[in-house]
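Dear colleague,

Please find below the structure that I am handing over to you, followed by an account of what was found in it.

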Amino acid sequence: MGKYSNVDEMRDLFSIRGLVAVVTGAASGIGQGIAFAWAANGGKLVISDINEDGLKETEREIRSVTNDVVSVAADVTKLDDVKRLVNESMKAFGNIDALYIVPGINVRKSILSYTYDEFERVLRVNLWGTYYLLKEFGNVMVKNPRGGSIVLMSSIRHLVVEPGQSVYAATKAAMVQLARTAAAEWAKYNVRVNVIAPGVVETELTQQIKKDTAWYEAYRTKPALKRWATVREIAGPAIFLATPAASYITGTVIYVDGGWTAIDGRYEPNIP
């Protein structure tokens, strides 16, 4: 047999069966989608969110697929909550193979209209919360003999912006650099750290855009694929990054944006 013909190894390339993931921001949107996808593919799961009611509903639905799920309500802007989440996760399953850092908020205002309270609120969730999760979970994941995968949910706004995205874009750019640095520092432990940068996604957080017909249509026509993404289309690459198939991917940004950042988008010439 050829050296690439080990059927079991090839079959397991895309498997997460038996692995343990912690998914934050799991009460809704992208976090909830990742949690469902993880459970549906045979993984064990700790889910967390500040929204306790939404978190319990997510847990209830996941239990129709698997009982290997634990929910822990936590506010990622509070270090004590994050430490408790780490402890509860380790108590439940003994190790952590994957971490998904999803929580984020956006206040769409011009720089001159932004209040300092709003500035601090966005920073606390998007940057401080991300750093707390990355540092506290990284501290235990580097001790996992299997290594692990950490995925930070950034945005195309770390690269391209529009009016009203100043603080949000700044925090999303900072997340990319945090991930790259963690990837460099933790490679020796086989802990891989990557970023997903979605474009516009159908979630609760984008309802402000969807309710504005002109805004919605502008976002629909901007990507090469001429549509918004579904949560499922973000969850797929997120799960992939935890599989053996992604074992040589670290310190990078995966754009799941329908081609938004690949094209100019202002004009399509009539060419043969």
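Please note that the whole model is predicted. Is S89 buried or exposed? S89 has a relative accessible area of 1%, and it is therefore buried, the cut-off being under 20%. The side chain of S89 comes to 2.7 Å from the backbone oxygen of L85. Setting aside residues up to four places away in sequence, S89 touches V22, V46, G94, I96 and F137.

For α4 (residues 79–93) and α5 (residues 116–141), the angle is about 30° and the axes are 10 Å apart. Their crossing is right-handed. On the α4 side, L79, V82, K83, L85, V86, S89 and M90 take part, and they meet Y132, L133, E136, F137 and V140 of α5. Sorted by class, this contact has nine nonpolar, one polar and two charged residues.

The next topic is the nonpolar interior. In soluble globular proteins, nonpolar side chains tend to be buried together. The largest nonpolar core in this model has 33 residues, and I34, W38, L45, I47, Y100, I196 and I234 are those with the most contacts inside it. At least two residues of this core come from each of β1 (20–24), α2 (29–40), β2 (44–49), α3 (52–62), β4 (98–101), β5 (148–153) and α9 (231–240). Which element supplies the largest share? That element is α2, with six residues. There is also a second, separate core of 30 residues, which includes V46, F137, I150 and V193.

I196 deserves a separate look. Apart from its neighbours within four places in sequence, I196 is in contact with V151, L152, M153, S154, S155, I234, P237, A238, L241, I254 and V256. One of these partners, V256, is placed in strand β7 (residues 253–256). V256 counts as buried because its relative accessibility is 15%. Residues up to four places away in sequence aside, V256 touches I196, A197, P198, G199, E233, I234 and P237. The C-alpha atoms of V256 and I156 are separated by 8.6 Å, although these residues are 100 residues apart along the chain.

T243 is found in the loop between α9 and β7. With a relative accessible area of 3%, T243 is buried. The side chain of T243 reaches two backbone oxygens: that of L13 at 3.5 Å, and that of F240, which lies 2.7 Å from a polar atom of the side chain. Not counting residues up to four places away in sequence, T243 touches L13, F14, S15, I16 and R192.

N190 is not a glycine, yet it has a positive phi of about 60°. N190 sits in the loop between α6 (166–186) and β6 (191–198), and is partly exposed, with a relative accessible area of 42%. K226 also has a positive phi of about 60° without being a glycine. K226 lies in the loop between α8 (213–221) and α9, and counts as partly exposed at 28% relative accessibility.

Yours sincerely

Note on methods:
Residues numbered from 1 in each chain as written. Predicted model: local features only at pLDDT ≥ 70, side-chain atom pairs only at ≥ 80, totals over all residues. Heavy atoms only, no water. Axes fitted to C-alpha atoms, helices over the stretch in contact; angles between N-to-C directions. Helix = DSSP H or I, 4+ residues; strand = E, 2+ residues; numbered from the N terminus. Left-handed = near helix turned anticlockwise from the far one by under 90°. Contact = heavy atoms within 4.5 Å. Nonpolar A, V, L, I, M, F, W, Y, C, P; charged D, E, K, R; others polar. Core = buried A, V, L, I, M, F, W, Y, C linked by side-chain atoms within 4.5 Å. Buried < 20%, exposed > 50% of the residue type's maximum accessible area, 1.4 Å probe, protein only. Polar contact = N/O pair within 3.5 Å; in protein donor to acceptor, adjacent residues only side chain to side chain.
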